[in-house]
Amino acid sequence: MANLIVYYSRKGENYWNGSIKNLSKGNTERVAEFIQKAVGGDLFEIETVKEYAEDYYQCIEEAKQELNEGARPELKEFMDSLDEYDTIFVGYPNWWGTMPMAMFTFLENYDLTGKKIVPFCTNEGSGMGSSERDLKKTCKGASVERGLSIHGAEAAESENMVAAWAKKNIKL
């Protein structure tokens, strides 16, 4: 059985230690790559058909509206099957206290019974929010492990911490 690292990440304008910074690679994507380097597995980036606004503040308003509406944004693609994976790392930025709605779109598309779900999120101080509880509701029949919260502005320097955490969550 193999590992899967599925994630949603925002490139471009991001909130960064109290100001806006333009990122060539999203914080969550960086962390996902650290996990892959540490424990192996396949990477899958979740991408929405309708892109969010480039402006950070406009983007978070769009995200808030999606959350309030319980939206399930259309995704560019899904994986054919998750059958070959026993451990699935699920990564996302904390938007309004939980995962972006696109994560729900992806996860609700699969039967995750018997899978080990290992969440990680990047944020600027809000931690995991309610995302672990939301994952338990969404991933029925799966074992949802305790997640790792990474301060977004420190994501690029988090490789050692992320690698140690990832290794603890799988059987090498």
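Reply: Happy to! Tyrosine 57 has a relative accessibility of 45% in this predicted model, so it counts as partly exposed, falling between the 20% and 50% limits. Its place is in helix α2, which covers residues 56-69. Together with Tyr15 and Ile20, Tyr57 makes a nonpolar surface patch of about 260 Å².

A search of the whole structure turns up 11 aromatic pairs. One of them joins phenylalanine 78 and tyrosine 110 edge-to-face, with 6.4 Å from centre to centre and 65° between the planes. These partners come from distant parts of the chain, 32 residues apart: phenylalanine 78 is in the loop between α2 and β5 (85-93), and tyrosine 110 is in the loop between α3 (101-107) and β6 (116-123). Phenylalanine 78 is partly exposed at 30% relative accessible area, whereas tyrosine 110 is buried at 14%.

Phenylalanine 120 and tryptophan 165 also form an edge-to-face pair, with centres 6.4 Å apart and 65° between the planes. Here strand β6 supplies phenylalanine 120 and helix α5 (residues 159-168) supplies tryptophan 165, a link across 45 residues. Phenylalanine 120 has a relative accessible area of 0%, so it is buried; tryptophan 165 is buried too, at 9%.

Back to Phe78 and Tyr110: ring pairs link them with Phe44 and Phe106 into a cluster. Finally, there is a charge over a ring to look at: lysine 21 lies over the face of tryptophan 16, 4.1 Å from the ring centre.

Definitions and conventions:
Residues are numbered from 1 along each chain as its sequence is written. This is a predicted model: local features need pLDDT of at least 70, side-chain atom pairs count only at pLDDT 80 or more; totals for chains, interfaces and linings use all residues. Side-chain values use heavy atoms; hydrogens and water are left out. Patches are made of residues with over 30% relative accessible area and no salt bridge: like charges are joined within 9 Å, nonpolar side chains (Val, Leu, Ile, Met, Phe, Trp, Tyr) within 5 Å. Accessible areas come from the Shrake-Rupley method with a 1.4 Å probe; for residues, only the protein chains shown count as cover. A salt bridge is a side-chain nitrogen of Lys or Arg within 4 Å of a carboxyl oxygen of Asp or Glu. Helices (H or I, at least four residues) and strands (E, at least two) are DSSP runs, numbered from the N terminus. Buried means under 20% relative accessible area, exposed over 50%, partly exposed in between (1.4 Å probe, protein chains only). Rings of Phe, Tyr and Trp (its six-membered ring) pair if their centres lie within 6.5 Å; planes under 30 degrees apart count as stacked, over 60 as edge-to-face and the rest as tilted. A charge sits over a ring if NZ of Lys or CZ of Arg is within 6 Å of the ring centre and within 35 degrees of the ring normal.
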